[in-house]
Amino acid sequence: MATNEDLEELPGVGPATAEKLKENGFDGYQGIAVASPGELSNTADIGESSAADIIQAAREAADIGGFESGAQVLERREQIGKLTWGVEEVDELLGGGVETQSITEVYGEFGAGKSQVTHQLAVNVQLPKEHGGLEGSAIFVDSEDTFRPERIDQMVRGHDDDVLQDTMELFGMEDASVDNEEDLEELVERFLDNIHVAKAFNSNHQILLAEKAKEIASESQDGEFPVRLLCVDSLTAHFRAEYVGRGELAERQQKLNKHLHDLMRVGDLNNTAVVVTNQVASNPDSFFGDPTQPIGGNILGHTSTFRIYLRKSKGDKRIVKLVDAPNLPDGEGVMRVEEGGLMDE
């Protein structure tokens, strides 16, 4: 990680500019290298041409921006982690689980289980790798007041005893036992401590929180539990409420696009899985098939690496449909939403 002194080695960056960059999450060459001149200009209060020079120098210093061989891409992709849903059918559908360094969009109507998924993943990301976890922490951006610590408690307790025992060891609770209620309560507390939650009050605040998430994720990478999951539940609610009508559609999509790229950057730079939930709207022109369509249009469709459609079935069952993925066939799986979390059918 670059320090202020390192940033001052870039042309045109003095102590004051370096401090402004660091305050806004640009604390390393890599983050600056993938910024746009306009973004850097607004952040550091400098001209666009100076910003472009700084970005170019950062690209050379970070050695990014060039082409790489297919073998190098394969090597980088081998660093990608797979985070389990805890549902065998869904994990198979996703080729092993939710990928790091990508955006996974989960959309569906109210009550389909989108928030259940984000809560479950925030628990599962902390599990030992042999149980499908990533031994990391989570960031949860809450725009619809959906985060419930009580639900995390239930989902932790919903895991098998051997998973919880191994997790206790991972957390340094060597003498603890799953049969001891006090130890279990302490384990739940540890899980909650590893989830950074922030409530987004409007779309601008949500965009700021994504920038803050980038900072937290970056600072955590050398720690015991680096950020390996960033959830936004829901991505589109504030944008949909604040930008109403066709006249504001272009501005809404522009802001949504920037927000998505900020999230993508967190994933790329920190080997983090980004999971966003999305609402649906009914398409009256659809005469055949399911008339519900995800909000966000092409911008969200093109930026999301994986798109998953959740829909209700009988009782506690939910259908999980993989709608889009670059390297996987479309398909469906079934899961149940129970008190202990997401379960196999």
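## Basis of the model

The model is predicted: local features need pLDDT of at least 70, side-chain atom pairs count only at pLDDT 80 or more, and totals for chains, interfaces and linings use all residues. Residues are numbered from 1 along each chain as its sequence is written, and side-chain values use heavy atoms, with hydrogens and water left out.

## The sheet

An open sheet is formed by 9 strands, in the order β5-β4-β6-β7-β3-β10-β11-β12-β13, and the pairing is mixed. Strands (E, at least two residues) and helices (H or I, at least four residues) are DSSP runs, numbered from the N terminus. Two strands pair if DSSP finds at least two bridges between them. Strands of a sheet pair through backbone hydrogen bonds, either parallel or antiparallel.

The edges are taken by β5 (195-199) and β13 (341-344); each has a single partner strand, so one side of each is left without a neighbour in the sheet. On average, neighbouring strands of this sheet are turned by 25° against each other, direction ignored. Such angles are taken between axes, which are lines fitted to C-alpha atoms (for helices, over the stretch in contact); angles run from 0 to 180 degrees between N-to-C directions.

In β3, 6 of its 6 residues are buried, where buried means under 20% relative accessible area, exposed means over 50%, and partly exposed lies in between (1.4 Å probe, protein chains only). Both faces of β3 are covered: Ser102, Thr104 and Val106 lie on one side, and Ile103, Glu105 and Tyr107 on the other. β3 pairs in the parallel sense with β7 over 6 bridges and with β10 over 4 bridges. Val106 has a bridge partner in each of these strands: Thr277 in β7 and Ile308 in β10. Thr104 stands opposite Phe306 in β10.

β10 is also mostly covered, with 5 of its 7 residues buried. β10 runs antiparallel to β11 (residues 317-324), and 6 bridges join them.

Helix α8 (residues 114-124) lies across several strands, including β3 (102-107), β6 (227-233), β7 (273-278) and β10 (306-312), and runs at about 165° to β6.

The second largest pocket holds about 400 Å³ of space. Of the 18 residues that line this pocket, the closest to its centre are Phe110, Gly111, Lys114, Ser115 and Thr146. A pocket is found on a 1 Å grid over the protein atoms alone, as an open set of points where a 1.4 Å probe fits, with protein on both sides within 12 Å along at least five of seven lines; lining residues have an atom within 4 Å of a point. Grid points are joined across faces, edges and corners, and the volume is the space filled by probe spheres set on the points. Helix α8 gives the most to the lining, with 4 residues. The lining divides into 3 nonpolar, 8 polar and 7 charged residues. Here Ala, Val, Leu, Ile, Met, Phe, Trp, Tyr, Cys and Pro count as nonpolar, Asp, Glu, Lys and Arg as charged, and the others, Gly among them, as polar.

## Residues in helices

Thr17 is in helix α2 (residues 15-23) and is buried, with a relative accessible area of 13%. Leaving aside neighbours within four places in sequence, Thr17 is in contact (heavy atoms within 4.5 Å) with Gly12, Ala44 and Ile46.

Arg190 lies in helix α11 (residues 181-193) and counts as partly exposed, at 28% relative accessibility. Not counting residues up to four places away in sequence, Arg190 touches Gln126, Phe171 and Met173. Arg190 and Phe225 are 35 residues apart in sequence and 11 Å apart in space, C-alpha to C-alpha.

## Backbone details in loops

Gln101, in the loop between β2 (98-99) and β3, is not a glycine but has a positive phi of about 60°. Gln101 is buried, with a relative accessible area of 16%. Asp145, in the loop between β4 and α9 (149-157), is not a glycine either and has a positive phi of about 55°. At 41% relative accessibility, Asp145 counts as partly exposed.

The peptide bond from Asp233 to Ser234 is cis, with omega near -5°. Ser234 is in the loop between β6 and α13 (237-242).
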